[in-house]
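The report below concerns domain organisation and salt bridges. Please keep the sequence and the model in view while reading.

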Amino acid sequence: MIARKVDSLINLMTLEEKIGQLTLFTSDWATTGPTIRDTYKADIQKGLCGNIFNAYTAAYTRDLQKVAVEQTRMKIPLLFGYDVIHGYKTIFPIPLGEAASWDLAAIEKSARVAATEATAAGLHWTFAPMVDIARDPRWGRIMEGAGEDTYLGSLIAAARVKGIQGENFNGTNTMLACVKHFAAYGAAQAGRDYHTVDMSERVLRETFLPPYKAAIDAGAHTVMTSFNELDGVPATGNVHLLHDILRDEWKFKGLVVTDYTSINEMIPHGVVANEKEAGELALNAGVDMDMQGAVYYNHLAQSVKEGKVNVAQIDQSVRYVLRIKYLLGLFEDPYRYSNVEREKSTILSKENQDAARDVSRKSIVLLKNDRNTLPIAKTGRTIAVIGPLADNKSELIGAWSGAGEPKDCVTLLQGIRAKAGGGKVEYAKGCTLDTMERTGFKAAVDLAKRSDIIVVAVGEKANMSGEAASRSMIGLPGVQMELVQQLVATGKPVVVVLMNGRPLVFPWIADNAAAIVETWFLGTQAGNAIADVLFGDYNPSGKLPITFPRNEGQIPIFYNMKYTGRPFDANNKYTSKYLDVPNTPQYPFGFGLSYTTFGYSDIKINKNTFTPREDLKISVTVTNTGKRDGEEVVQLYVRDLVGSVTRPVKELKGFQKIMLKAGESKEVTFTLTANDLKFYNRQMQWTYEPGDFDIFVGTNSADVKTTRVKLIE
Ligand code: GLC
């Protein structure tokens, strides 16, 4: 039905109008890249721009839509896109923080609320989820994904797509997802954004591609190409990625859009000499829509005349565009998403705020809690709240915070005051986030001396992570570390609350603070969510989705590395190690503490030898051995001891987040089959191989029970 309508429309369109549908320009309402064109309204009116991003609100989208559907020849409605990455107005934790919840329902809920608000503001399409696997914390966009692990990242990618797109587009609270950045953008050399990506086909397919595939299998309708080159060819002109893998192997039937001017950037990449060649390379590789580059806009008609691209290819791209506009119901009612009344009742609603607070609490990771410093009693204590992020609204929403506004945020100080009404709460900023100014130290230390407990909030500015925000040294900027050291020197218990977009390096704090709470950038409800944890109204349950290194020299460091031929041996010089730092991270993947403790029984397994036709049942009994109810993320890892190629020391193959009352025990069972053990063998075939496997179950990737099984033919 839709196909017929699309084809009849295409038959009526001129070549220029077709190219207009393949053109996406930004409005001047937001800057998310290096160029802005101020002619976008005129382009819409001439039918030369069929899609707009960075324009939002019901009123503004309605205005622009009116131009398209009333003043152009074909009256084809506009598609409105926007980066709704972790919330539209009600801002949720940065995606890396949400990943720390290991709670797929919470993550889907977050995406659902974001889509509900964004569509109420007239938006049809979000450039999310970003699913790039990243193992280098120097890379600023690590904040935008789900961390280092392929298995966790794939599940989260699918959850986010489901949250964004819902079951269908019959209502007006679901929108198009856009899987990005295809592909392997997170593997930028040296953690430097936009840098070269070069890896084996095996690592590409085993580690980096699965989350994109998971998002597409979850129904994502669009894919965005990445800025980086891969194996010498920019992703935006990469036939292997866009045609062989995406279309041929994965049977993707949706729309491929470029990243911001990434067609043009194939000139500096050095694979084309000019924009016209860049457009031809992109279109012939399989790129349907040109984001902001105006390359198709300026050159595609000429390329057709010269026979460098054919109209059939353009028609196919236009088909993808028109199809999703039909899917969204825009031809029936171009204004159906631009509803001012719905916008007013939906945005920043209490229901959405409550959801944000819940997801935020679940994203918090307790890294240290010596002498049960936490939770803090709500009464009878003088609490010093100190630090540049303690009463700071502007950083809480993090990078890629959509239309979120700092004024809507609850600061940590506000959250603490709202909880500890019975105690005395005093504040001192202490220092700034990134200057060498120390004049605030004295007031902060004096306050600390006359308090019972110190909560110090330190970390990064929101713009120190996100796009074009790589850092070569990932410690605390400015003089924050000195401030913390002076507070610890008072001898009072110091609780360090971290707010950051990436793993940071803070070995002194790890050794000397009484408690450390990783809170990422939690968004609008940050202060309330952190206070819920600090005062024990919520028992922290987060687990790190990314390894925290001891220092930058260890990078890249991730849990599922290889053994090497000379694995570290303290008794043998000639083994793989550093002279100045252990091989182990500050905090391993999957790490996170609770206010209670959990005990693990030995692993029970239904058979020590199994065949590809049998299920392996792996069970452990987990007991809450503490005094408080709490949640535990029970993690399952596997190691293939001998393969036709080397295999990681362990790989995540399952997890279950369970609630246990104090003293309660539960048996947790995982099912594994030979299919879960597949990898690309020496001939690059996706298969499993018989042999011995170590099975690990535990509370994080380093603290596990283990047993061994054998897979036979
Ligand atoms: C940016 C980002 C991309 C975003 C796009 C539109 O450069 O790389 O993730 O969706 O431009 O804002």
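Into which domains is the protein chain divided? The chain is split into domain 1 (355–554) and domain 2 (598–711), with bounds that come from an automatic or database domain assignment. The model is predicted, and for that reason local features need pLDDT of at least 70 and side-chain atom pairs count only at pLDDT 80 or more, whereas totals for chains, interfaces and linings use all residues. Residues are numbered from 1 along each chain as its sequence is written, and side-chain values use heavy atoms, with hydrogens and water left out.

**The interface of the two domains**

The C-alpha centres of domain 1 and domain 2 are 34 Å apart. Seven residues of domain 1 are in contact with nine residues of domain 2, where contact means heavy atoms within 4.5 Å. The size of an interface is often given as the accessible area lost when the parts come together. Here domain 1 and domain 2 bury about 610 Å² between them, with 37% of that area on carbon and sulfur atoms; buried area is the accessible area (1.4 Å probe) that two parts lose on being put together, summed over both. On the side of domain 1, the residues that lose the most area to domain 2 are Asn539, Ser541 and Lys543, which together account for 72% of what that side buries.

How many salt bridges does the rule find across the interface of domain 1 and domain 2? The rule finds one, a salt bridge being a side-chain nitrogen of Lys or Arg within 4 Å of a carboxyl oxygen of Asp or Glu. The side chains of Lys543 and Glu632 meet in a salt bridge with an N to O distance of 3.1 Å. Across the interface of domain 1 and domain 2 there are also six residue pairs in polar contact, both residues being at pLDDT 80 or more. A polar contact is a pair of N or O atoms within 3.5 Å; within protein, one must be able to donate a hydrogen and the other to accept it, and residues adjacent in sequence count only if both atoms are side-chain atoms.

**Salt bridges in the whole structure**

Asp288 lies in the loop between α12 (275–285) and β10 (290–291), while Arg247 belongs to helix α10 (residues 239–249), so that the pair links distant parts of the chain, 41 residues apart. Helices (H or I, at least four residues) and strands (E, at least two) are DSSP runs, numbered from the N terminus. Asp288 and Arg247 are both buried, which means under 20% relative accessible area, with exposed over 50% and partly exposed in between (1.4 Å probe, protein chains only). Asp370 counts as partly exposed because its relative accessibility is 30%, whereas Lys368, at 10%, counts as buried. Asp446 and Lys442 are separated by about one helical turn because they are four residues apart in helix α18 (residues 441–449); Asp446, at 28% relative accessibility, is partly exposed, and Lys442, at 57%, is exposed.

Asp103 lies in the loop between α5 (95–99) and α6 (104–120). Is Asp103 buried or exposed? With 15% relative accessibility, Asp103 counts as buried. A polar atom of the Asp103 side chain lies 2.9 Å from the backbone nitrogen of Ala106. Not counting residues up to four places away in sequence, Asp103 touches Lys362 and Lys657. Asp103 is also part of a network of salt bridges whose members include Arg357, Asp358, Lys362 and Asp537.
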